[in-house]
Amino acid sequence: MLNLAIKKMMRGAEGDMVLECAFSLQKGEFVTLYGRSGAGKTTLLRLIAGLSDPEQGTIRTLEGEIWFDSDNKISLPPQARRAGLVFQDYALFPTMTIRQNLEFAAGNRSHSERVDELLDWIQLREWSKRYPHQLSGGQKQRVALARALAAQPRMLLLDEPLSALDREMRYHLQDKIAELHDRFPITTLLVSHDPAEIRRLSSRVLWLDKGRLIGDDTPDNILKTENRRPL
Amino acid sequence: MPWPSLTPLILTLKLGLWTTLLLFICGVPLAYWLVHGRSFLRLPCRIMVNLPLVLPPIVLGFYLLLLFSPTGTIGCFLEDYFHIRFAFSFAGLVLGSMLFSLPFMLNPMMAGLESLPPSLLEAAYVLGRSRTATLLRVLLPAIRPSLLSALMMTFAHTIGEFGLVLMIGGKIEGITRVASIAVYDEVESFNYRAAHFYSAILLIVSFLLLYLMFLINRRSRTF
């Protein structure tokens with residue numbers, strides 16, 4: 001699905017750092033991006049989505065479409081990449097109802113059936129006329145996920161989507177995400193710290209440390225290594 | 001004794017409405033660019049936008065008059081090729097007022113846009129929506145209270161102008177003699193009754209506009 005090799009200077013809390021990594025994501029894969037905070041995980045998602053550009057490198061799809069190429073000065077805008085990024089703060093549009101949030105994302109391809117189906121899937125159909133500020137954190141997160149899917153993204157980028165929720169809601173939403181991936185095998189890159197979540201959802205883990213990729217393996221192998229060498 | 005003419009008041013209302021409408025249409029894309037653009041020209045432009053706050057209105061009026069004077073190059077060109085005259089005309093008043101009220105329209109809009117989390121705009125882009133759609137359907141609705149206060153401040157400020165209007169428009173009855181100039185005129189000719197009439201109406205309208213703005217701000221805070 002995606003082939004990436006990039007280099008970007010980052011200014012972090014612990015001084016300057018170079019984010020430099022290369023990896024491929026296969027179609028339909030569910031991969032977790034793992035690492036301590038400040039390792040460059042969110043930056044990496046933003047680079048893939050097209051919200052910022054690396055200084056050097058290439059990002060291309062396995063089908064051959066170039067999203068970014070520093071040598072040829074190509075940078076596709078986020079609108080053309082359609083990498084469904086789900087933000088940590090949900091970023092729901094406050095003046096639109098839940099349904100309108102989904103319809104806005106569906107755009108011209110809007111099929112009310114698709115929006116209805118998504119509302120049913122997140123079990124919020126009877127809440128569809130409410131506004132985001134009337135929802136709980138877990139409900140907002142479900143809407144953010146459904147909204148990303150309404151735009152029919154080519155991949156899904158989840159930036160610690162469950163970190164702000166309580167344990168019960170996390171389990172419930174992990175089920176939802178797993179169910180989603182079984183139903184529509186969309187290539188997914190998840191940022192997560194939670195070992196249980198990583199084991200439950202992903203088949204592969206990329207371990208990022210201070211901007212470098214220091215591990216690319218199955219969840220079990222990465223988490224075992226991590227136990228021997230704590231973060 | 002007859003009532004003072006209503007013409008200056010109607011003219012003032014017309015000037016206020018045209019200025020507010022046109023400045024709103026130009027102001028939205030300009031504010032968006034000043035907040036989200038990437039050009040190095042943003043800083044000088046921000047300074048230019050705020051210049052009317054410190055510049056005496058009469059200075060701005062003076063330069064505009066020189067620029068658009070029918071004997072000057074630009075004024076002559078506009079008149080010959082486009083049949084537009086800005087000096088001593090209503091169109092000139094609108095243009096001058098638009099420049100002079102620029103900070104009153106743009107500053108609330110920019111403050112509103114800057115107060116929104118960047119992720120709103122980014123989310124709309126990632127969902128595949130264009131900049132225009134994002135601006136019209138996500139950003140502007142989210143800053144409605146700022147837009148209302150921009151509209152009302154611009155209108156209130158425009159109807160109270162004096163120096164700039166006098167300089168660029170003179171005081172041609174029915175064309176450029178707005179209420180504030182009428183007040184000055186009537187006082188000069190010791191006609192205090194008419195001066196009171198125009199002044200009281202300007203005072204009441206300004207008070208009501210500000211009152212309305214406070215009400216709206218209070219409601220948007222409790223929302």
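A salt bridge is a side-chain nitrogen of Lys or Arg within 4 Å of a carboxyl oxygen of Asp or Glu. The legends below describe a predicted model, in which local features need pLDDT of at least 70, side-chain atom pairs count only at pLDDT 80 or more, and totals for chains, interfaces and linings use all residues. Residues are numbered from 1 along each chain as its sequence is written, chains are lettered from A and ligands numbered from 1 in the order in which they are written, and side-chain values use heavy atoms, with hydrogens and water left out.

**View 1. Salt bridge between A:E29 and A:R204.** The closest N and O atoms of A:E29 and A:R204 are 3.0 Å apart. A:E29 lies in the loop between β2 (15-25) and β3 (30-34) of chain A, and A:R204 in strand β10 (residues 204-209) of chain A, so the pair ties together parts 175 residues apart in sequence. Helices (H or I, at least four residues) and strands (E, at least two) are DSSP runs, numbered from the N terminus. Over all chains, the structure holds 22 salt bridges.

**View 2. Overall fold of chain B.** Chain B contains twelve helices and zero strands. Along the principal axes, its C-alpha atoms fill a box of roughly 65 × 45 × 30 Å.

**View 3. Crossing of helices α1 and α8 in chain B.** The axes of α1 (residues 7-36) and α8 (residues 131-142) of chain B come within 12 Å and cross at roughly 95 degrees; axes are lines fitted to C-alpha atoms, for helices over the stretch in contact, and angles run from 0 to 180 degrees between N-to-C directions. The two helices are therefore roughly perpendicular to each other (65 to 115 degrees). The contact (heavy atoms within 4.5 Å) is made by B:V28, B:Y32 and B:H36 of α1(B) and by B:R131, B:L135, B:L139 and B:L140 of α8(B).

**View 4. Interface of chain B with chain A.** In this interface, 20 residues of chain B are in contact with 25 residues of chain A. The area buried between the chains is about 1800 Å², of which carbon and sulfur atoms give 68%; buried area is the accessible area (1.4 Å probe) that two parts lose on being put together, summed over both. B:V126, B:L127 and B:R129 supply 38% of the area that chain B buries against chain A, more than any other three residues.

**View 5. Salt bridge between B:E122 and A:R46.** The closest N and O atoms of B:E122 and A:R46 are 2.7 Å apart, and the count between chain B and chain A is one salt bridge. On the side of chain B that touches chain A, α7 (118-126) and α8 of chain B are the elements that give two or more residues. The most comes from α7(B), with seven residues.

Key: Parallel < 35°, antiparallel > 145°, perpendicular 65-115°, else oblique.
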